[in-house]
Amino acid sequence: MRVAIAGAGAVGRSIAHELIDGGHQVMLIERQANQFEPETVEQADWVLGDACEVSTLEESGVERCDVVIAATGDDKVNVVVSLLAKTEFAVRRVVARVNNPANEWLFTDAWGVDVAVSTPRMLAAMVEEAVSVGDLVRLMTFRQGQANLVELTLPAETPLAGKPVSEIALPRDSTLVTILRGERVIVPQPEDPLEPGDELLFVANAEVEGDVRKALGY
């Protein structure tokens with residue numbers, strides 16, 4: 001993919017390194033000259049300019065990007081960048097960093113945001129995921145609450161042990177997308193048996209999360 005990142009601070013550069021290591025093309029857009037340091041991420045294309053300006057986005061060729069990430073430390077900037085990327089340049093996927101949790105309500109599809117990433121919420125979810133067995137943990141929200149990535153770890157005494165995936169009667173608007181078993185990442189097939197300790201990852205509408213839990217016997 002070709003990815004544009006608005007904000008070349010520590011967060012933006014870290015994201016760029018990860019994406020480049022994954023084989024993606026990355027462009028960093030930075031408006032502050034003191035943070036414009038191409039030598040820190042040499043494999044990326046660098047643009048010195050304000051990503052809140054349409055002219056900067058036009059000159060940088062944002063319309064050719066598959067993803068735009070608004071990763072600055074200013075929520076107002078991230079919202080504006082998201083809106084421009086989506087409405088002016090029809091970028092397929094827009095991801096925005098939320099710095100202040102109190103501003104999360106702004107990061108919706110109405111402002112061009114497909115995925116809002118709040119560090120405090122992500123950290124809390126990771127803590128819950130690490131200590132919660134047999135309970136549903138919300139890891140990430142897509143499109144401001146329309147769907148969530150949720151996880152449940154099967155306890156040692158799970159009644160689902162040995163049963164195939166096809167026997168889980170999931171509600172509408174939910175699907176099992178991955179089973180994590182030790183170091184394995186399993187794309188679930190109907191005949192795959194479940195085991196104690198399996199981490200089940202679902203994408204589900206928020207309204208049916210309770211029904212997903214019931215379908216798993218909790």
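How many salt bridges are there between domain 1 and domain 2? The count is 0. Keep in mind that this is a predicted model. Its chain splits into domain 1, covering residues 2-117, and domain 2, covering residues 132-216. Here is a quick tour of how the two parts sit together and what the record says about one of them.

**Layout of the domains**
- The centres of domain 1 and domain 2, taken over C-alpha atoms, lie 32 Å apart.
- In the contact between them, domain 1 takes part with 9 residues and domain 2 with 6 residues.

**The interface**
- About 570 Å² is buried between domain 1 and domain 2, and 42% of that area falls on carbon and sulfur atoms.
- On the domain 1 side, Asp109, Asp114 and Val115 together account for 55% of the area buried against domain 2, which is more than any other three residues supply.
- The side of domain 1 that touches domain 2 is made up of 4 nonpolar, 1 polar and 4 charged residues.
- Despite those charged residues on the domain 1 side, the interface has 0 salt bridges.

- An unreviewed UniProt entry lists residues 1-117 as "domain: RCK N-terminal".
- Over residues 1-117, the model is 27% helix and 24% strand.

Key: Residues are numbered from 1 along each chain as its sequence is written. This is a predicted model: local features need pLDDT of at least 70, side-chain atom pairs count only at pLDDT 80 or more; totals for chains, interfaces and linings use all residues. Side-chain values use heavy atoms; hydrogens and water are left out. Domain bounds come from an automatic or database domain assignment. Contact means heavy atoms within 4.5 Å. Buried area is the accessible area (1.4 Å probe) that two parts lose on being put together, summed over both. A salt bridge is a side-chain nitrogen of Lys or Arg within 4 Å of a carboxyl oxygen of Asp or Glu. Ala, Val, Leu, Ile, Met, Phe, Trp, Tyr, Cys and Pro count as nonpolar, Asp, Glu, Lys and Arg as charged, and the others, Gly among them, as polar. UniProt positions are given in the numbering used here, feature names are shortened, and annotations may be inferred rather than shown by experiment. Helices (H or I, at least four residues) and strands (E, at least two) are DSSP runs, numbered from the N terminus.
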